[in-house]
Amino acid sequence: MLKEEQMSVYMPISLLFELDGQESIKKTHRDLVFSYLYMITIFWKYGYYIREKIVLADIKEALGYSRVDKRTNYLFKVGGELDALGYTRVSKNPPMSFKVEDGAIVHEYINDAPREFSKEIIENNINNCVIKEPLFYENGTRYDFKGAINIKLSMFNYFLNQGEDIKQGVSLFYLYSCLMYMSNVNNGEVFACSHETLVKYMGWGLRKVITLTDTLLNIGLIQKGQEKKSKGNVNHYKIL
């Protein structure tokens with residue numbers, strides 16, 4: 001069994017820019033969407049659906065929402081926004097395991113397993129359960145994975161366990177993922193990014209951007225400095 005720190009998935013950073021252009025997704029839900037897609041990709045890649053029954057209410061609760069919250073159903077329901085935009089689709093054939101062959105991930109799926117092995121799993125964990133397949137996941141067709149960031153499950157869980165406010169942890173994860181990408185583009189060196197750029201892509205107000213970048217600074221994940229320019233101030237960041 002893999003340990004948490006060994007589990008990771010590549011998330012295409014183009015998601016950040018695409019979410020900025022999707023009017024059908026509320027700005028306040030962008031961080032939720034990114035974390036939801038990360039979570040179901042971990043579940044898919046590492047065969048979680050085979051080991052236990054996971055329903056949407058479980059995922060909502062893990063991301064800081066009520067199990068019965070209906071305001072986000074437009075995103076996740078069958079035929080909802082994430083299905084319509086081509087990020088997810090319903091599947092009754094999730095992976096059991098994977099291996100790497102010639103640099104590519106190859107899965108063994110539940111429908112490939114002997115019936116005597118799969119019958120109970122299908123009845124208990126898959127039937128009467130809506131499982132979503134992440135369509136962008138490491139398939140090398142829709143996205144150029146040079147523009148992706150490899151995010152460890154341990155980092156995701158770190159943010160969700162920052163305190164009682166899980167939703168803030170979801171927002172911090174989204175923000176840190178964006179800053180990680182900018183750091184990668186700049187070869188891990190100091191890079192410039194204005195508050196206005198983060199407001200645009202995060203979908204938040206200026207106060208929230210400042211508060212959460214300061215939070216990342218205070219917990220020791222980034223360095224942050226400010227340079228005054230004639231047309232406004234520019235922040236400089238470095239991922240630690």
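Guide: Let's start with Asp83, which counts as buried because its relative accessibility is 16% (buried is under 20% relative accessible area, exposed over 50%, partly exposed in between, with a 1.4 Å probe and protein chains only). Bear in mind that this is a predicted model, where local features need pLDDT of at least 70, side-chain atom pairs count only at pLDDT 80 or more, and totals for chains, interfaces and linings use all residues. Residues are numbered from 1 along each chain as its sequence is written, and side-chain values use heavy atoms, leaving out hydrogens and water.

So who pairs with Asp83? Its partner is Lys132, in a salt bridge whose closest N and O atoms are 3.0 Å apart (a Lys or Arg side-chain nitrogen within 4 Å of an Asp or Glu carboxyl oxygen). The two sit 49 residues apart, Asp83 in helix α6 (residues 81-84) and Lys132 in strand β5; helices (H or I, at least four residues) and strands (E, at least two) are DSSP runs, numbered from the N terminus. Lys132 is buried too, at 3%.

Now hop over to Asp31 and Lys208, whose side chains meet in a salt bridge at 4.0 Å, N to O. This one also joins distant parts of the chain: Asp31 belongs to helix α2 and Lys208 to helix α11 (residues 206-218), 177 residues apart. Asp31 is buried at 5%, while Lys208 is partly exposed at 34%.

Arg71 and Asp69 meet in a salt bridge at 2.8 Å. Here Arg71 is exposed at 59%, but Asp69 is buried at 7%.

Elsewhere, Asp20, Arg30 and Lys200 are linked in a network of salt bridges. Across the whole structure, the search finds nine salt bridges.
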